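My notes follow in the order I made them.

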Amino acid sequence: MKTVRRSLVAAAAALLLATPLLSLAQDIKPRLIRFGYGLNEQSNQGRAVRLFASEVEKLSGGKMKVRAIGAAALGPDTQMQQALIGGAQEMMVGSTATLVGISKEMALWDTPFLFNNAKEADAILDGPIGQKVLDKLPEKGLVGLVYWENGFRNLTNSKRPVTKAEDLDGIKLRVMQNNVYLESFKTLGANAVPLPFSELFSALETKTVDGQENPFNTILSSKFYEVQKYVSVTNHVYSPWIVLVSKKWWDGLSKAEQKVLLDAAKASRDFERKDTREEAAKAVNELKAKGMQVNEVAPAEVARMRDKLTRVNAGIGASVGMDLWNETQAALGKLRASK
Ligand code: TK8
């Protein structure tokens, strides 16, 4: 009798424990997610995509699988965005800057010198303003889950150290396919040319362009040191990456499946930012060891660049809407005052 009772209790307990698993099993179907990205597998982007993939597998009990496809094998950012909108691809991560053609509010993140440090970037991107910008995506056929850190961008070129804006004169500089970047570098005096990232290495190698700008991590992982001599520490803009889902596909997922993706995306964001910051801190020395000549830009010269670039701010305000622009400035003012 005693054993019967004990086994009954055990069975009841097992049933209780299994209930959430049962509902999970029903709500989560086998899914294959094609996840594209632009950098190579050894990059911070590649590492974070792998973390995302393993989180998705874990949280879905092995049912949802991520097939990570890097090095722009599914095309540059803009092409993958279209594939997501059309439903031919499920997910991607890429720059917010290349998304402005689809969702103009993204241009907010192109504002030169918007953030003074990563803490400000995290607070704004993960707060109500970042969410407001993400909320504009569904009407365009995309769902934005989280922002990752691409990072503060710095200049490289094969001609000369850039210590002031005037040094950019005549330098053919690749920029992302984005008007704010194009205007910003024209304003500073460079001969700015938009090109997809996937074509950048060979453009630098063949001297189709003389220079480019990207965070230290990317300069290192994409081996730009093989084709560029000078790094100038300008930190001219903080650029985010954004994890995107095809809305067509997302709408067909259960709430439980959507939660798996969002939770995994948040875990990947936290991992990615930490990993990227650790790598960035070491990258300058590695770039020097690879033979690059690194120069700081004097604060007074950075301030002059900044002044020149305030001209592009009016255009950004107009395209993202003055309400959003003013709200962002106010939030930053508040953050800075609370220090
Ligand atoms: C990768 C790009 C890259 C960006 C660029 O697909 O294009 O320079 O910084 O990270 O989005």
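**Entry 1: α2 and α10.** I looked at helix α2 (residues 44-59) against α10 in this predicted model. Their axes are 8 Å apart and pack at an angle of about 150°. Angles over 145 degrees count as roughly antiparallel, so α2 is roughly antiparallel to α10. I noted the crossing of α2 and α10 as right-handed.

Next I listed who makes the contact. From α2 come Asn-44, Arg-47, Ala-48, Leu-51, Phe-52, Glu-55, Val-56 and Leu-59. The α10 side includes Val-260, Leu-261, Ala-264, Phe-271 and Glu-279. Also among the α10 residues are Asp-263, Ser-268, Asp-275 and Thr-276. I sorted the residues of this contact by class: eleven are nonpolar, three polar and six charged.

**Entry 2: α10 by itself.** I then checked the length of helix α10, which runs over residues 255-289. How far apart are its end C-alpha atoms? They are 49 Å apart. The 35 residues, at 1.5 Å a residue, should span 51 Å, so the two values agree. I also looked for a bend. There is one at Ala-283, of about 40°. Just after α10 I found Gly-291, with a positive phi of about 105°.

**Entry 3: α6 and α11.** I turned to another pair, helix α6 (residues 179-187) and helix α11 (residues 299-320). The two axes come within 9 Å and cross at roughly 155°. This angle makes α6 roughly antiparallel to α11. I recorded a right-handed crossing where α6 passes α11.

Which residues make the contact? On α6 they are Val-180, Glu-183, Ser-184 and Thr-187. On α11 they are Lys-308, Leu-309, Arg-311, Val-312 and Ile-316. I counted classes here too: the contact of α6 with α11 has four nonpolar, two polar and three charged residues.

**Entry 4: Ala-88.** Where does Ala-88 lie? Ala-88 sits in the loop between α3 (77-86) and β3 (91-95). I took its distance to Asp-77, eleven residues away in sequence. From C-alpha to C-alpha, Ala-88 and Asp-77 are 14 Å apart in space. I then asked what Ala-88 touches, leaving out residues up to four places away in sequence. My list has Arg-34 and Ala-83.

Technical notes:
Residues numbered from 1 in each chain as written. Predicted model: local features only at pLDDT ≥ 70, side-chain atom pairs only at ≥ 80, totals over all residues. Heavy atoms only, no water. Axes fitted to C-alpha atoms, helices over the stretch in contact; angles between N-to-C directions. Helix = DSSP H or I, 4+ residues; strand = E, 2+ residues; numbered from the N terminus. Parallel < 35°, antiparallel > 145°, perpendicular 65-115°, else oblique. Left-handed = near helix turned anticlockwise from the far one by under 90°. Contact = heavy atoms within 4.5 Å. Nonpolar A, V, L, I, M, F, W, Y, C, P; charged D, E, K, R; others polar. Expected span 1.5 Å × (residues − 1). Bend = angle between axes of the 7 residues up to and from the residue.
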